[in-house]
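Colleague: I am new to this model. Could you take me closely through one part of it, and then follow the chain outward from there?

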Amino acid sequence: MNLRVGRIPFLVCAPFFHLFLNDEARFEGYSFDDGAPSALNQKLWTGEIHLAPASSIAYARAPQDLVLAPDLCTSCKLEVNSVELFSRYPLNELSGKRIYMTSQSGTSVALLRVICSQYANVRPEYVTERADCDAALLIGDEALIEKAKGSWPYCYDMALLWRDWHGLPFVFGAWSIHRLALSCEMRPRLEAFLENVRESIAKFRACPQKALKKWAERYPVPFTAEELKGYYDSLDYEFTDERKKSLQLYFNLCVKEEILSESPTLRFL
Ligand SMILES: C=C(O[C@@H]1C=C(C(=O)O)C=C[C@H]1O)C(=O)O
């Protein structure tokens, strides 16, 4: 049986996946399913895919069925640049204003609710219709493109808001693994795949130009490798103890906000 892998076709995940592109012969035994984080979260919960660098909150919604890769996550040093609240008003004036919430996210939409309620002390109206909104939460390439346009008076980087509040790096994505992939049959394939992901990140870091060229052939983007240099300099994929502490804190605050019913302890592969 193939190891079914959820692949997010956003630049933020290019380091995880570029190695596998156009190299099917070397990587037989894996099949990839492309989708936004929100779609991949759903497929993880049902076991339709075995693993993905899904929304970090996806784990907390089904801890009985999932474990986390211990060393990999989607995070950043300071700003993330691709999880942004674009607004016509300052954050602390958003009470009663309409915030469009992207349908692609699981983690960031919950983070925004927590930040508005517990940090900025505002009560906006959250909407799924983008027309006539006062602010918009976007993730991934969509956020990068919107930011490059520079057409909103205010732009808040969600990782920086979290850091200002708690002094910790935020964990947007985490590799969640369904227990179906832990069977005797699947486990060696799973371990080998994660080793390939580590190699993919290392190769990306060693030569981002080459990796991004391959990536853009499959997933075209309106940026050059040169323009993306600063983006990748600030992204960080290491699941450090500090990031694990940060993720646990985020789960706790989601419980306080009644977004999660409980805050599970992090269990690893
Ligand atoms: C940093 C990003 O993080 C992504 C945001 C996610 C979410 O909001 O649920 C999930 C996975 C991450 O890859 C991004 O989209 O650019």
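Modeller: Two strands count as paired if DSSP finds at least two bridges between them. The model here is a predicted one. Take strand β11, residues 235-238. β11 pairs with β4, residues 66-76, in the antiparallel sense. Three bridges join them. Across the pair, L72 stands opposite E238 in β11.

Now look at the side chains of β11. L235 and Y237 point to one face and are buried.

The loop between β4 and β5 (83-87) holds N81. Its phi is near 75°, a positive value in a residue other than glycine. Most residues other than glycine have a negative phi. N81 is buried, because 21 other C-beta atoms lie within 10 Å and the cut-off for buried is 20 or more.

E258 also has a positive phi, near 60°, and is not a glycine. E258 sits in the segment after α10 (241-256). With 8 C-beta neighbours inside 10 Å, E258 counts as exposed.

Last, the ligand. 19 residues surround it; the closest are S55, S82, S105, S108 and G173. The elements giving two or more residues to this shell are β3 (51-55), α4 (107-119) and β10 (171-178). Domain 1 (3-74 + 170-256) and domain 2 (83-166) each supply at least three residues. By class, the shell has ten nonpolar, nine polar and no charged residues.

Methods:
Residues are numbered from 1 along each chain as its sequence is written. This is a predicted model: local features need pLDDT of at least 70, side-chain atom pairs count only at pLDDT 80 or more; totals for chains, interfaces and linings use all residues. A residue is buried if 20 or more other C-beta atoms lie within 10 Å of its own, exposed if 12 or fewer, and partly exposed in between; C-beta atoms are placed from the backbone. Helices (H or I, at least four residues) and strands (E, at least two) are DSSP runs, numbered from the N terminus. A residue is near a molecule or strand if its C-beta atom, placed from the backbone, lies within 6 Å of it. Ala, Val, Leu, Ile, Met, Phe, Trp, Tyr, Cys and Pro count as nonpolar, Asp, Glu, Lys and Arg as charged, and the others, Gly among them, as polar. Domain bounds come from an automatic or database domain assignment.
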